[in-house]
Amino acid sequence: MAATPHGGTLVNRVLAGEEAARWRQIVPELPRITLSQRELLDLELIGVGAFSPLTGFMTRDDYRSVVETMRLASGAVWSLPVTLSVPPEIAATLHEGGAVVLQDASAHARGILMLQESYPYDKVWEAQEVYRTDDTSHPGVRALFEQGDILLGGDIWLLDPPDYSAFGPHTLTPAEAREAFAARNWRTVVGFQTRNPVHRAHEYIQKCALEVVDGLFLHPLVGETKSDDVPAAVRMQCYEVLLRDYYPANRVLLGTFPARMRYAGPREAVFHAMVRKNYGCTHFIVGRDHAGVGNFYGTYDAQKIFSNFRPDELGLTPLFFEHTFYCHHCGGMASSKTCPHPEEAHVMLSGTRVRAMLRSGQAPPPEFSRPEVAEVLVGAFRGTAIA
């Protein structure tokens, strides 16, 4: 039985049929604002229920409560602000209680905001509370400081979701993922968040988790990430060849998570867990430096933060794993919990080192990455098509 959606009900704010047609008729008469890429992705995820219990962009009370306490004003666990920002001159043209068209950069109407309130906010305060820093070298902080100075809060309706057809059958809404779990008779499902190709350490902890649950939901983030991250299309091909050759097909489902990375470390780990609960996961893997960037967070801070919440208010079981690696003395994958050997026996490569190897046409060693995955990555970094 899939996990109960966060807040008890899976939100559905997608306009369809006659209601969608009615809104499209009046769209030309309404004021319009252009959303950033992150806001467009958030709009979709609110609409399909991935951000349940949110029904729109946060109003002042929810925003302040989340930043201060990691809970909505209702008391429900929620660790990251989900906001819509505009410059003051744009906010001044909008009227509380009215409808506003939410459009993309091509002026295509994607949704409707029922504007409840507009309010100023303190970016430095939000940065220090959410990201633990106001250093603009942090990509999340930089994005926060670049956005508008006024926040707009209110319920949304999703009018025209973005096109993710490039990811084919892997594009699953929370409702569709739940249906897929039920069709497979999975009562317990572990979610795995990643923005990187899966290497042997990831594979090891996923399979450890699979020993205690019915199914694995491999749920990579395919929205906007840092410029030096591996592109989503390449990562998806890596996941496909890995699952084809090394996982039991009836125990793994690959989906896509169309969100932007915020790189908020510990807070984003909680956020990722609550979102996967909405997709139906009963368990969630939290590994080393989950959603971290640079040296802004401690290695296991993303695991420690879960101690702030009772199991009943999370409604999902986090699974914590140590940093894992291939050990030559052990002859297999291990962690500091299971391996007694010195670091010289361990195969551990940084992302920077792996990218440098790929650019030079050199595949990472098989102890670090499966050969089939390495082949996809080497080809992609050379700019060649991969069959």
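The structure holds eleven aromatic pairs. Rings of Phe, Tyr and Trp (its six-membered ring) pair if their centres lie within 6.5 Å; planes under 30 degrees apart count as stacked, over 60 as edge-to-face and the rest as tilted. This is a predicted model, in which local features need pLDDT of at least 70, side-chain atom pairs count only at pLDDT 80 or more, and totals for chains, interfaces and linings use all residues. Residues are numbered from 1 along each chain as its sequence is written, and side-chain values use heavy atoms, with hydrogens and water left out.

Take the pair of Y63 and W125. Their ring centres are 6.2 Å apart and the planes stand at 75 degrees, so the pair is edge-to-face. It links distant parts of the chain: Y63 sits in helix α3 (residues 60-69), W125 in helix α5 (residues 123-131), 62 residues apart. Helices (H or I, at least four residues) and strands (E, at least two) are DSSP runs, numbered from the N terminus. Y63 is buried, with a relative accessible area of 2%. W125 also counts as buried, at 19% relative accessibility. Buried means under 20% relative accessible area, exposed over 50%, and partly exposed in between (1.4 Å probe, protein chains only).

F257 and Y279 form another edge-to-face pair, with 6.5 Å centre to centre and 90 degrees between the planes. F257 lies in the loop between β9 (252-254) and α10, and Y279 in the loop between α10 and β10 (283-286), so the pair ties together parts that are 22 residues apart in sequence. Both F257 and Y279 are buried. Ring pairs also link these two with F181, W186 and F217 into a cluster.

F257 leads on to R276. This arginine is found in helix α10 (residues 266-278). R276 touches Q193, H219, F257, C281 and F284, not counting residues up to four places away in sequence. Contact here means heavy atoms within 4.5 Å. R276 is buried yet has no salt bridge. A salt bridge is a side-chain nitrogen of Lys or Arg within 4 Å of a carboxyl oxygen of Asp or Glu. The nearest side chain of opposite charge, E268, is 7.9 Å away. Lys and Arg count as positive and Asp and Glu as negative, while His and the chain ends are not counted. What R276 does have is a polar contact of 2.7 Å between its side chain and that of H219. A polar contact is a pair of N or O atoms within 3.5 Å; within protein, one must be able to donate a hydrogen and the other to accept it, and residues adjacent in sequence count only if both atoms are side-chain atoms.

A disulfide is a covalent bond between the sulfur atoms of two cysteines. Here the term is a pair of cysteine sulfur atoms within 2.5 Å. By this rule the count comes to zero. The sulfur of C208 is 13 Å from the closest cysteine sulfur, in C330, which is too far for a bond. C281 is in no disulfide either; its nearest cysteine sulfur, that of C208, is 18 Å away. C281 counts as buried at 0% relative accessibility, whereas C208 is partly exposed at 28%.

Now turn to helix α2 (residues 37-47). Ten of its eleven residues are buried, so this helix is largely enclosed by the rest of the structure. Among them are the charged residues R38, E39, D42 and E44. The buried residues of α2 pack against β2 (56-57), β3 (84-86), β4 (99-103), β5 (109-120) and β6 (150-158). After α2 comes G49, whose phi is positive, near 95 degrees. Helix α6 (residues 139-146) has P139, G140, V141 and L144 as its buried residues. What covers them includes α5.

Last, the backbone. Most residues other than glycine have a negative phi, and most peptide bonds are trans. The peptide bond from S52 to P53 is cis, with omega near 10 degrees. P53 is in the loop between α2 and β2. M70 is not a glycine, yet its phi is positive, about 60 degrees. M70 lies in the loop between α3 and β3 and counts as buried, at 11% relative accessibility. D289 has a positive phi too, near 50 degrees. Its place is in the loop between β10 and α11 (301-304). D289 is partly exposed, with a relative accessible area of 25%.
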